[in-house]
Amino acid sequence: MADEWCTLESDCGVFRALLQQNQVSGVDVVDVYDISGFAQESRQRGRLVLGYVLLLDKSKYQQTMSGGPVAAEPNRSIWFARQAVQNSCATHALLSIVMNLDLIKATLLDAAKRALAPPAVAEVEAELADVSLGPQLTEFRSFTEAFDPATKGVAVGNSDSLRKAHNSFANELHLLLSSDKDRKRKHVDDPRTRVYHFVTYICVQNLTDGACNSEPRCVVRAATYEQAHEQLLQFLEQKLRAMGDDLYFSLMALVNDELPVLQRKLAAATDEMEKVALQEAMGEIVQ
């Protein structure tokens, strides 16, 4: 693990392209601007939330995580790799979601079935139809399935394909600071060059688990998926409020890609008004 991993920007385009380079399909990355209304807005658009990625100052992260999470035995069915290599947390954050796609998809389908609404089940199945881990990460998941979190983390750090995809998004600031220690010291108080950390949150099996550095931890408990999702958003809102006036953070969500879903709906639509509305929605996504 001697080869260096670079820092990555908290940018939806970067994370979306990183998923594509790792052959994950049917998954999009979007910014979350309004936590309180995000879940409802997503369902209205026909989007299913697969997980959240929070970025914040590492010192702030340690402070906000010091209190609050519910103590619980880690969910052993969750694929989780403990980070072993510096600067690899962006890839780890994505892996903590996509490596658990089977669990996440099963949870979303189960929630639709519990609603006793056959149309909702068919709709969720259609929205998840194009969501796929892809051959590269499927093979990696199978290879690491029996590993403990620490060994999984070492496997991630030693993966040439994961590191190559990750480092392909190195920005100029990282290259500048990596090559000039004096310049790096001069920028130590610049908020843009702080040490930041990505942490992932997913809802599975009617529980919400936050994938942290050591082990996944249960942060909320709920009887239904809908309640768990709502409580998770409240939890994230509390964490962001605890940061006070610090504006250097971001919250992104991994969702199903809307475009193929809209394309199928457009092909099946017979009403002209419905076709126009779908074409407008597709135009917004393409833009």
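Is Gly13 buried, partly exposed or exposed? Gly13 is partly exposed, at a relative accessible area of 32% (buried is under 20%, exposed over 50%, partly exposed in between, for a 1.4 Å probe and protein chains only). The residue sits in helix α1 (residues 12–21). Its C-alpha atom is separated by 8.7 Å from that of Val30, 17 residues apart along the chain.

The model is predicted: local features need pLDDT of at least 70, side-chain atom pairs count only at pLDDT 80 or more, and totals for chains, interfaces and linings use all residues. Residues are numbered from 1 along each chain as its sequence is written, and side-chain values use heavy atoms, with hydrogens and water left out.

Strand β2 (residues 49–57) is mostly covered, with 9 of its 9 residues buried. Helices (H or I, at least four residues) and strands (E, at least two) are DSSP runs, numbered from the N terminus. Strands pair if DSSP finds at least two bridges between them. β2 runs antiparallel to strand β6 (residues 249–256), joined by 7 bridges. Here Val49 stands opposite Val255. Strand β3 (residues 196–204) also pairs with β2 in the antiparallel sense, over 6 bridges. Asp57 has Tyr196 of β3 as its bridge partner.

The second largest pocket holds about 430 Å³ of space. Of its 21 lining residues, Arg43, Leu48, Ala111, Tyr225 and Glu226 are the closest to the centre. A pocket is an open set of points on a 1 Å grid over the protein atoms alone, where a 1.4 Å probe fits, with protein on both sides within 12 Å along at least five of seven lines; lining residues have an atom within 4 Å of a point. Helices α2 (35–45), α5 (101–114), α6 (118–128) and α12 (225–241) each supply at least two lining residues.

Definitions and conventions
Points joined across faces, edges and corners; volume = space filled by probe spheres on them.
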